[in-house]
Amino acid sequence: MYYKNIYVFDQKRPVPAVIRNYKENDFTELITIQSEAFPPPYSSDLWWNREQLMNHIQIFPEGALCVEVNGELAGSVTGLKIHFDPESVAHSWADVTADGYITTHRPDGNTLYIADVCVRPKYRKLGLGKELIQSLYHVVVEQKLERLLGAGRMPGYSKVAHEMTADHYLENVVSGKESDPVITFLLRCGRMPLGIAANYLEDEESCNYAALMEWRNPFYEQ
């Protein structure tokens, strides 16, 4: 199981934190975190429920991680193993994660797929999202998988959608001509773009598009 002590930084001040697997007694707080991270107009149907969280810790506990700051739960990340073919990138979040229940988990999969990463708003300046994602890199290496994969929202795209395609927007973000709060963050986490997934998730800001981005395991042997 996973357990890591780290320091994160509130500007210049080191703050102790712990990243570990989440458990059943964390469920109530994890759902509260979801409600804080995704307030109205987001529907509460988009938050994790107890059945989904139970599936996460029973089906693939190695991919169910949370972070504590000063003893308080501050965020979580959830992954599952899938078989991914780079020649076929089109998919939706609902299809690949079974609507968050991760019954699509493949024990023999070649890829760790991020179903969700969520950080409490009051802790978002501490870089916890990056730490959670990097912890999944450790899981990829430990599980001897080929890659970490996930689809990032493109919340800046709706502002320029009348001017360019989603693919062109992603190219502009990667080249530095545009900055996107999610895609730019993922680039800083070491992720590399693979392409665009249309109708990935109902998301007005991203015009329902998402950028499929991977981190390749540098130790992977075919």
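**Cysteines, helix contact and hairpin**

Mentor: Cysteine 207 counts as partly exposed, because its relative accessibility is 31% (buried is under 20% relative accessible area, exposed over 50%, partly exposed in between, with a 1.4 Å probe and protein chains only). This is a predicted model, in which local features need pLDDT of at least 70 and side-chain atom pairs count only at pLDDT 80 or more, while totals for chains, interfaces and linings use all residues. Residues are numbered from 1 along each chain as its sequence is written, and side-chain values use heavy atoms, without hydrogens and water.

Cysteine 118, at 2% relative accessibility, is buried. There are zero disulfides in the structure (a disulfide is a pair of cysteine sulfur atoms within 2.5 Å). For cysteine 118, the nearest cysteine sulfur belongs to cysteine 66, 12 Å away.

Now the helix contact. Helix 1 (residues 27–37) and helix 2 (residues 50–59) have axes that come within 10 Å and cross at roughly 120° (helices are DSSP runs of H or I, at least four residues, and strands runs of E, at least two, numbered from the N terminus; axes are lines fitted to C-alpha atoms over the stretch in contact, with angles from 0 to 180 degrees between N-to-C directions). Helix 1 contributes Phe27, Thr28, Leu30 and Ile31, and helix 2 contributes Arg50, Leu53, Met54 and Ile57 (contact means heavy atoms within 4.5 Å).

Last, the hairpin. Strand 1 (residues 3–10) and strand 2 (residues 13–21) run antiparallel, joined by eight bridges (pairing takes at least two DSSP bridges). Tyrosine 3 has arginine 20 of strand 2 as its bridge partner. Two residues lie between the strands, and glutamine 11 in this hairpin takes a positive phi near 55°.
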